[in-house]
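Try each task before you read its solution.

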Amino acid sequence: MLPMRFYDDVFDSLLDDSDIKMMRSDIYEKDNKYIIEMDLPGFKKEDIKLECKKGNLIVTAEKKQENEDKNKKYIRRERSYGKCSRSFYLGDIDESKIEAEFHHGTLKVTVPKVDEEKNKKYIDIK
């Protein structure tokens with residue numbers, strides 16, 4: 001029979017609570033827009049905050065600890081509470097037209113790119 005500590009080590013090695021592992025993302029380009037799809041299992045829409053600063057899109061998700069039931073005697077607690085965050089640099093984007101939706105644990109953010117032809121500036125040479 002294997003000692004209980006062995007099983008703890010096996011399960012601990014399978015868990016990785018880094019922000020990147022917790023917030024797995026796909027980013028692709030379609031119709032002059034960036035689309036970010038991010039898995040945020042266990043979070044509610046109210047737990048998620050999106051922020052855009054100078055071409056950086058910052059996604060922050062925070063779970064607050066629920067009131068602990070005094071009648072429970074935990075043997076092991078693996079569901080964590082805390083805050084995680086990821087940042088993506090997207091460059092020239094139209095920050096005023098960013099859209100986001102959250103459905104079944106997946107956050108989808110649509111970020112329109114700035115039309116480079118419209119923003120092109122020519123400089124007169126003297």
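**Exercise 1.** Find the residue in β4 that Leu50 stands opposite, and then the bridge partner of Val59 in β5.

Solution. Start at Leu50: across from this residue, in β4, is Val59. Now step on from Val59, whose bridge partner in β5 is Arg86. Strands here are DSSP E runs of at least two residues, numbered from the N terminus. The model is predicted, with local features needing pLDDT of at least 70 and side-chain atom pairs pLDDT 80 or more, while totals for chains, interfaces and linings use all residues. Residues are numbered from 1 along each chain as its sequence is written, and side-chain values use heavy atoms, without hydrogens and water.

**Exercise 2.** How many bridges join β3 to β4, and how many join β4 to β5?

Solution. Strands pair if DSSP finds at least two bridges between them. Between β3 (residues 48-53) and β4, which run antiparallel, there are six; one of the pairs is Ile48 with Ala61. Next, β4 and β5 are antiparallel and joined by eight bridges. Finally, look at the β3-β4 hairpin: two residues lie between its strands, and Lys54 takes a positive phi near 45 degrees.

**Exercise 3.** Which residues is Val111 in contact with, leaving aside its neighbours within four places in sequence?

Solution. Apply the contact cut-off, heavy atoms within 4.5 Å. With those neighbours set aside, the list for Val111 is Lys33, Tyr34, Leu57, Leu90, Ile93 and Ile98.

Key:
Helices (H or I, at least four residues) and strands (E, at least two) are DSSP runs, numbered from the N terminus.
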